[in-house]
Amino acid sequence: MLVIMSTVDSSLQKNSHSQEESLHQPLKTMETCTNLSEGASLLHEAAKLPQQPIMAERQRRNHYYVVDLLAALFGISAWLSINALYTQLPLLVQTSPEGWSLPSYLSVIIQCANIGPLLYSLTHKFPSRSLRDSTLIMFLLMLGTVAMFTMSFYYTHTTEIFNESHSTPLFSLTFCFALVGCTSSVLFIPFMNNYPEIHLVSYLVGEGLSGLIPSIVSLVQGVGNSECEEIEVVNGTSVLEHVILPPLFSPKIFFLIIFSIMLCSTISFVLLNKLPTCKLMVDNTSVSNRSSTLENTNESDLQCDNTPESLPLSNASTLTPSLYCGLLLVQAVISMFANGALPSIQSYSCLPYGNTAYHLAVNLSNMANPIACFIAFFLPRTSLVTIFSMSAFSVVTTVYAITTAVMSPYPPLQHQLVGLILVVSCWILFSGMVSYVKLSIAAIFRREGGKGLFWYGAVTQTGAAIGSIAMFYFVNFTHLFQSYDPCS
């Protein structure tokens, strides 16, 4: 009996254990499923985690691209109007009462616009001034935009002054254009210093495009060629009259295109001030801290090759007084011819070779300027040997340009293709080399610190003023330069 009872008890215990296990099995299965679902959700969240910084980085890059685009469009407005006006000179000199002497008038008017930065500098003497820089920039951009729109309809209008017909609306609007350009150096760039340095580079790229864009549009426009037509007069005799053939589109359409670009630049500046994306990029650090940081971080970028003629970098001045004055003298002479004298006589140098020669010389030399600036920006050379060598070679091109202008209306190789190629190449090489030399000298004075850049700007403006005033006198009050009549 005992044996039987023990056997029954053991069987009952086994059944109870098996029942308990069968009861706990669904619970274990549910717990396992719960753990699996939690693990899957954790894996899903873990898969999302790496994407969050990637998305944030993409959004940050998009913000950078937006500010870069707006800064470049804003930079285009600096010298766009003046460069556009010069590209139209091959057409304007044929219709204006000033004729071939029109560039000399414009050069003097542009120099007069330097009163803008002068007045702005004087306002800093009064700490209680109420106008902000952004307000002044907005005023200048609106002034340039309205002036360009007005130019589209009044560039041919004239008025009588001292019994002589003059392009008074053209001169007045040119002063407005020049006021924007001259004041941009003291207003636009300091405004862009509120943003990180990379956006200042974008602004400078846009400023370089301000010379490239109107030249491309002008090349598409084409030149207004001319021909001589025989016209009968009252007494039965006939004379040859100089008739200008129209280009692809008129200067009116050209100025309206430039107006639309100026309008885009103005809108870009408004967006730079108002968009939340742009406000987030504003660097709130002080200008002094930023300047010292840029000097420390960019010192290696300005380092020259370790050649004997290279200038070593240091905090102290490495230039001797003679080299210091020599570079300032070179800058003054280059500015006198490049910014003042030669633009005043370019019509006399090129038009005797034909309207095509003048058209190509103006536009291609205008394109050579920003290209040289880009090269100097990415491949800076502060070698004294390079600077003085290129300055010496630019003297050759200057002499040739002046020679062709003085010998007008019959310059050398006038009716030959090689003459046209030489005069156009002369102006292109002169513009490119002078731009590169000026930026190289500016890089040296920036590196030297102190008042180097102040004197660099002072001699630049002084040289340009002397050149434009002197050439205005020679063109308009002497018989040194004479125009060419193809029908005579």
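**Helix α3 and its neighbours**

Okay, let's start with a pair: α3 and α9 are roughly parallel to each other, where roughly parallel means an angle under 35 degrees, roughly antiparallel is over 145, roughly perpendicular is 65 to 115, and the rest is oblique. Before I go on, this is a predicted model, so local features need pLDDT of at least 70 and side-chain atom pairs count only at pLDDT 80 or more, while totals for chains, interfaces and linings use all residues. Residues are numbered from 1 along each chain as its sequence is written, and side-chain values use heavy atoms, with hydrogens and water left out.

Quick overview. The protein chain has 17 helices and four strands; these are DSSP runs, H or I of at least four residues for helices and E of at least two for strands, numbered from the N terminus. Of the 488 residues in the protein chain, 41% are buried. Buried here is under 20% relative accessible area, exposed is over 50%, and partly exposed is in between, with a 1.4 Å probe and protein chains only. Contact means heavy atoms within 4.5 Å, and if you take the contacts in the protein chain with a separation of 6 or more, 81% come from residues 24 or more positions apart.

Now the packing. Two packed helices are described by the angle between their axes and the distance between the axes. The axes are lines fitted to C-alpha atoms, for helices over the stretch in contact, with angles running from 0 to 180 degrees between N-to-C directions.

Back to that opening pair. Helix α3 is residues 80-87 and helix α9 is residues 197-221, and their axes come within 8 Å and cross at roughly 30°. The crossing of α3 and α9 is right-handed. On handedness: left-handed is when the near helix is turned anticlockwise from the far one by less than a right angle, and right-handed is when it is clockwise. Who touches whom? On the α3 side you have Leu 80, Asn 83, Ala 84 and Thr 87, and they meet Ser 210, Gly 211, Pro 214, Ser 215 and Ser 218 in α9. By class, that contact has three nonpolar, six polar and no charged residues. For the classes, Ala, Val, Leu, Ile, Met, Phe, Trp, Tyr, Cys and Pro count as nonpolar, Asp, Glu, Lys and Arg as charged, and the others, Gly among them, as polar.

Next partner, α10. The axes of α3 and α10 come within 11 Å and cross at roughly 165°, which makes α3 roughly antiparallel to α10. This crossing is right-handed. From α3, Leu 80, Ser 81, Ala 84, Leu 85 and Thr 87 meet Phe 254, Phe 255, Ile 258, Ile 261 and Met 262 of α10. The class count there is eight nonpolar, two polar and no charged residues.

And then α8, residues 168-192. Its axis and that of α3 come within 8 Å, crossing at roughly 140°, so α3 is oblique to α8. Ser 81, Ile 82 and Leu 85 of α3 make the contact with Leu 170, Thr 174, Phe 177 and Ala 178 of α8. That one has five nonpolar, two polar and no charged residues. The crossing of α3 and α8 is left-handed.

On to the rings. Rings of Phe, Tyr and Trp (its six-membered ring) pair if their centres lie within 6.5 Å; planes under 30 degrees apart are stacked, over 60 edge-to-face, and the rest tilted. The count comes to 18 aromatic pairs. Take Tyr 155 and Phe 255: their centres are 5.7 Å apart and the planes sit at 65°, so the pair is edge-to-face. Tyr 155 is in the loop between α7 (133-154) and β1 (159-161), Phe 255 is in helix α10 (residues 251-274), and they are 100 residues apart. Both Tyr 155 and Phe 255 are buried. Phe 472 and Phe 477 also pair edge-to-face, at 6.1 Å centre to centre with 70° between the planes, but Phe 477 counts as exposed at 57% relative accessibility. Ring pairs also link Phe 74, Phe 188, Phe 191, Tyr 195, Tyr 203 and Phe 269 into a cluster.

Last stop, α5, residues 102-112. Nine of its eleven residues are buried, so α5 is largely enclosed by the rest of the structure. Among the buried ones are Leu 102, Tyr 105, Ile 109 and Gln 111.
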